[in-house]
Structure formats: structure tokens, C-alpha cells
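Here's a quick briefing on a few local features worth a look.

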Amino acid sequence: MQNSLVMRTEATYALNFLIYIQNIYLNQSRSEKEYKFPYFPSITAFEEDFQVKYKDLWNEVSRRISERQSNGVKIFYAEKDLFYRTLFLNNSTSLKNYSEIYKSFKVWWDSLAGGFSVERSIDVYRQELYVELSSLLSQKGIEPQKELNISLIYDECLLVELDVSSYFVVLTIRDFVVNRKDWVSKLLKCIY
């Protein structure tokens with residue numbers, strides 16, 4: 001049997017922007033030693049039920065990206081107010097802070113230190129994962145029916161449990177590098 005696994009890994013704008021916002025939110029209630037990137041010095045007014053709304057937004061964005069990988073870029077650019085409307089209090093100070101957060105993320109992500117570095121950080125591991133997963137699929141006689149899409153995020157998602165769905169998974173750099181042996185068996189569950 002010839003294994004025809006096609007695996008695509010992309011660091012998506014929208015999901016990484018959500019991680020960026022999550023870290024700013026969490027930093028507001030953490031000690032300086034516990035800060036996560038990025039540090040945003042202004043106190044930002046988030047929605048009172050931020051964590052619930054964040055989870056709902058994460059699930060919606062993930063679903064849309066799982067349907068079409070290019071949706072991550074489209075959501076970030078064409079629907080940038082979606083993040084603001086959902087997660088931030090609607091006032092002039094919050095809007096100003098959100099605009100600064102959005103611009104800050106965009107500048108970082110579009111630089112060599114941002115999205116490019118995130119994607120390149122897992123190059124060696126991506127090939128290892130592909131070989132291990134392909135081998136396991138061949139051993140089990142499983143022929144993939146479509147492309148496996150992996151969305152890469154730069155940091156942990158602490159407010160939402162990252163689930164594996166049909167031919168789509170979100171992985172952190174840490175998962176890719178440190179926990180890759182565990183992920184082979186988890187990825188196998190989304191290929192059928």
C-alpha cells in the first residue's frame with residue numbers, strides 16, 4: 001500500500017492573535033515573573049466574561065480555519081473588529097488599546113522574528129513527525145482521505161483545551177518540539 005499523507009503546517013494569523021490577546025489578558029492578573037509574551041503596559045478593559053467569550057471565539061475561528069486554512073488570514077484582516085467586539089469592553093480607551101495591540105501583533109507577526117520564525121522553529125521536527133505518522137499509517141493500513149492541516153501557535157492556549165478534529169489540529173511550538181511522540185498517536189485519531 002502506498003501511503004499518500006499530505007501534511008500542511010501553517011502558523012495562522014487569527015489563532016496566534018488570539019494567543020497574543022490571551023497573554024495580555026492573563027498578564028494583567030499575574031506577577032511580573034509569570035508574564036508571557038507580549039507585555040502590554042496599559043491596563044486594558046476586557047469583557048467581564050472574557051474567558052467564556054474567548055473560548056467561543058477560539059472555537060469559531062478554529063472551525064473556520066479547519067474548513068479552509070486561508071481563513072486564518074482572512075479573519076485577521078477582514079474581520080479584525082470581531083476580536084474587539086467579542087473580547088473588549090466597548091469604549092474609547094479599549095478601542096485605542098485594541099488598535100495598539102492589533103498593530104503591535106501585525107508588526108511582530110509580519111517580521112522575521114514573528115510568523116516566519118515560528119514556522120521555521122519546527123522545520124526539523126515537522127519532517128520527523130511526518131515520517132513517524134506516515135509510517136504508523138502504513139503499518140495500520142490507513143489511507144488518508146484528505147490533507148492533514150496543522151495550525152501552529154507560538155504559545156500555550158491556557159483558556160481553551162486544544163482538541164483534535166477531522167484532519168485538523170492546533171499545536172504549540174512546545175508540543176511540536178517537546179511532546180511530539182505523544183502527538184503522533186493523537187494525530188492518528190484525526191485521520192480516517
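Lys80, Phe83 and Tyr84 in helix 4 meet up with Ser94, Leu95, Tyr98 and Tyr102 in helix 5, where contact means heavy atoms within 4.5 Å. Bear in mind that this is a predicted model: local features need pLDDT of at least 70, side-chain atom pairs count only at pLDDT 80 or more, and totals for chains, interfaces and linings use all residues. Residues are numbered from 1 along each chain as its sequence is written, and side-chain values use heavy atoms, with hydrogens and water left out.

**Helix 4 against helix 5**

- Helix 4 covers residues 80-87, and its axis runs 11 Å from that of helix 5 at an angle of about 135° (axes are lines fitted to C-alpha atoms, for helices over the stretch in contact, with angles from 0 to 180 degrees between N-to-C directions).
- Helix 4 and helix 5 are therefore oblique to each other; angles under 35 degrees count as roughly parallel, over 145 as roughly antiparallel, 65 to 115 as roughly perpendicular and the rest as oblique.
- Helices here are DSSP runs (H or I, at least four residues), as are strands (E, at least two), numbered from the N terminus.

**Helix 6 and its two sides**

- Gly114, Gly115, Val118 and Glu119 are buried in helix 6, which spans residues 112-120 (buried is under 20% relative accessible area, exposed over 50%, partly exposed in between, with a 1.4 Å probe and protein chains only).
- Looking down the axis of helix 6, the buried residues fall within an arc of 95°, so they line one face of the helix; the arc is that of the directions from the helix axis to the C-beta atoms.
- Turned away from that buried side are the exposed residues Leu112 and Ala113.
- Packing partners for the buried residues of helix 6 are strand 1 (7-11), helix 5 (92-110), helix 7 (123-140), strand 2 (148-153) and helix 8 (173-177).

- Most residues other than glycine have a negative phi, and most peptide bonds are trans.
- Tyr167 isn't a glycine, yet has a positive phi of about 60°.
- You'll find Tyr167 in the loop between strand 3 (164-165) and strand 4 (168-172), and at 4% relative accessibility it counts as buried.
- The Phe37 to Pro38 peptide bond is cis, with omega near 5°.
- Pro38 sits in the loop between helix 1 (13-27) and helix 2 (50-67).

**Asn27**

- Asn27 belongs to helix 1 and counts as buried at 7% relative accessibility.
- Setting aside neighbours within four places in sequence, Asn27 is in contact with Glu34, Tyr35, Lys36, Pro38 and Tyr39.
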